[in-house]
Amino acid sequence: MADNTYDAQLDFILQVLQATADSNGDAQIIYPLLAANTDKLDDRLAEQWRDWATSKLAQAEADEAKFIAAVIGNFSNLIQQFPLGDKASTMEIAITGYEVALTVFTREAFPIDWAQTQNNLGIAYAQRIEGEKAQNLEVAIPCYQLALEVRTREAFPIDWASTQNNLGIAYSDRIEGEKAQNLEDAIACYQLALSVYTREAFPIDWATTQNNLGNVYRNRIEGEKAQNLEDAIACYQLALEVRTRERFPINWALTQNNLGSAYLYRIEGEKAQNLEDAIACYQLALSVYTREGFPIDWARTQNNLGSAYAQRIEGEKAQNLEDAIACFQLALSVYTREAFPIDWAMTQNNLGIAYSDRIEGEKAQNLEDAIACYQLALEVSTREGFPRDYLDTNNNLGLAYQDAQNFPEAYKAFDAAIKTVESLRDEIISGSGVEDHKTKLAEKYNRSYRAMVEVCLELNNITAAIEYVERSKTGNLVEEILRRDMKNIFPPDVVTQLEQYRDEIAVVQYQIQQGKAKNITALAQRLKQLREQRNDLQNQYSPIGSGFKFERFQNNLDDHTAIVEFYITWNKLLTFIFTGQTQQPIVWQSEPQDLEKLLKLKEEYEKSYKNTKKIDWKKNLNSHLHSLANIIHIDDIIQQIPPECDRLILIPHQVLHLFPLHALPITSKQGEGKSKIIMEQFPAGVSYAPSCQLLQLAQTRKRPNFTHLFAVQNPTADPKLVYTNIEVEVIKSYFKPADTDVLVENAATKAAIDSKALNTYHCVHFSCHGYFNYDKPRKSALILADAHFTVDAIFALKSEQTLEQCRLVTLSGCETGLIDYNNTSDEYIGLPSGFIAAGSSAVVSSLWKVKDLSTALLMIKFYQNMLNQMSLAVALNQAQFWLRDATVQELKDWAEQLTKQLNLDNNFKEKLEENFCFTSETHNPFAKPYYWAAYCAIGHS
């Protein structure tokens, strides 16, 4: 029977320390001694050791104290790497030893020993099992940073590289702070280490660091995911050139396991082959990682292999899932809750996914098993300790409940997931330059919102469904507007309080991220409290953001306005139809095959549009619009709108942002089946909005004046843009010369625009080339004389350039209205979002590459209508009807009349007559939608 009395344990530790001193820390002598006494390696031993060592060192002379501290440090190194016994307890014993050693090894007296011990203490805390993982890493990071104050590259290059590598590991595992930045910090550390650890001089360390660098690239958030995974694979393959099975079998197995994980998530190449490569790597790793020899590594690899089988494409799906379940269950035989709670929770979550997808057995029982797994995982994966794991598991739990038709429980799970997403987004400070991290977070977890919308509809809670639709959209844009327009949205005393919250949140966040605070847990709690108080205050006064309430929005609608908001879920297109009088919104749900048809149409449309000549696209545009009208059942949707509504606001979603919905053909109720387009059904105008909440915000921007014009005219001095010059000259003549400021051709530089007080203008008009960047939508731009005026640049406009009096921004150029319609976060990224954020009430912009002549005519007529006191939407719609229906003769007559009325140069009339000199006078040259349908009015009209 084991003797765990105080004296027996103390005698044992003294025996081990003596053996360590006598053998100079020889593992071949110490490990058998430890193996024979694993029952004594518990937390009490750590406490007794601390008491004894502290007392002993206090009584020892300086030389003796130094010797004892060195022995304690050596033993701590040994027990930290000891593979047997209770790992949590052995790590506590190691930490105790390092902390005791540091009472002797001070920086002043023994800088080298102090730095080495700080480095080792950092390793121990990074691997610690007891306590909160997040807090342990916050202790480890400063240990490494302290060590690097002595371990400089100049004085101790090898030790410096070693600690940089260790610091990289800690940053890559870090939970506190912004995950994306932590991974960038890790990459920087590893690359610094590799500047010393060359393959020639230190092949083993070089391979280790390459392996670690591969781990970070595999999980990296910044950059392109596909490229990051390719970089990870390259790092692992480099490591394997040194880490061969013959020379380094354990390290070889580790890197094979990591390489398998990179192949598991690889984007490039064939998915089926990548999964086969992943499985092969895991099986190679298991040829070394046996349960008997390496139980922890074996369990980790079994878990990974299970994930690969669960996703496998080759073979029978049912059998692959059975293999996955078997792997996860094997992993759980080692990953117990007591010994490895984090890994246990992760594997329970994975097992739950496999049960959710399982084909064999009863579906109801499989879902019950899945739910049980997720609930077990959540006992460890708490929101406070592991927010992302908590988020993922709650999302999976919600899906399982939804599949099981238990919608109330599904609602609870998705609600928990969504609150966590929004909390994580809140941790990223607006204006910090890393807003794209928020977009990626929203993109990854948009699935929770989509599923929640479906659940709300099943529960017949349509109002909640719309509110979750809104919460899933335009998050960055809403936050940017709240930040910029704070003083216009909130009362002065509220602005002051919000600014105080902002500053205090930034200070606390900085303290946590730098790891300099003594009590990280208390600080984190304070940060959470500050954010909640800030949000509560903001929500009392703000119509947008987390404070958006559908009922409040609906109450502000007039009786003649209808809103149609589209939303695409996993397998269907939803349409919400409501007015100010609708008791509850009407929901139109498509069939699954309709969504398939929509995605197919989008692919055909894109392929045709991206063809250089675009001949087929122009020719097929009308038929594409007819197809779209049928797919989304536009006739059925329009029939749900009360006849007294003569104004329509469309809120598209994802791929629907690509199409001119205002030009869709419908069957008129009054016309006995005669086809017309949506705009003709709503004489008070058809306009667009990114979301209800941004529409609500735009409506608060009361801008009745329309007398001061700022314009940019053909900045590239393109001789082909003949009508662009005419367009601006005519529009300019509508305004008084004293109230007009136009930058013409080479004068239209970025510096010139920056020098203008844009906050004094009512209308801002860009008549120039533009383009949409499909790969990087934030780089979409208007082309100036010397620069590309990108979305990012518009967001960066200074306060004096805020468009606080601007009623309208017109972007008279190609593709100026396209947004990132492929982005699942639906962040509404494009040129219109930039000008809405900058303060404009509305933006008029185009959905495709437009013609110079038709655009100029449309714009001239549009402004003519605006100055006749029409609303923005009506002015644009009427201009589009006019252009569509005008004959050549009517256009010539109009040009002549306008020339006389405005005392214009005859160039306008002459150019128009020259263009139509070989065309019949009765011909409608711009009847096709290509010429008139591209432009949309976005915002308050």
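Which residue of β12 is the bridge partner of Gly 770? In the predicted model, that partner is Leu 782. The pairing belongs to an open sheet of three strands, arranged in the order β11-β12-β13 with antiparallel pairing. Its edge strands, β11 (770-771) and β13 (788-790), each pair on one side only. Strand β12 spans residues 781-783 and runs antiparallel to β11, to which two bridges join it. In general, the strands of a sheet pair through backbone hydrogen bonds, in either a parallel or an antiparallel manner.

The largest nonpolar core comprises 164 residues. Within this core, the residues with the most contacts are Phe 75, Val 453, Phe 553, Phe 576 and Phe 578. A second, separate core contains 147 residues, among them Ile 632, Ala 752, Leu 808 and Trp 882. For Phe 578, when neighbours within four places in sequence are set aside, the contacts include Ile 466, Phe 550, Phe 553, Gln 554, Leu 557 and Thr 561.

Gly 352 lies in helix α16, which covers residues 341-357. The relative accessible area of Gly 352 is 0%, and the residue is therefore classed as buried, the cut-off being under 20%. Excluding residues up to four places away in sequence, Gly 352 touches Ala 370, Cys 373 and Tyr 374. Arg 502 is 150 residues from Gly 352 along the chain, and the C-alpha atoms of these two residues are separated by 40 Å.

How values were computed. Residues numbered from 1 in each chain as written. Predicted model: local features only at pLDDT ≥ 70, side-chain atom pairs only at ≥ 80, totals over all residues. Heavy atoms only, no water. Core = buried A, V, L, I, M, F, W, Y, C linked by side-chain atoms within 4.5 Å. Buried < 20%, exposed > 50% of the residue type's maximum accessible area, 1.4 Å probe, protein only. Contact = heavy atoms within 4.5 Å. Helix = DSSP H or I, 4+ residues; strand = E, 2+ residues; numbered from the N terminus. Pairing = 2+ DSSP bridges.
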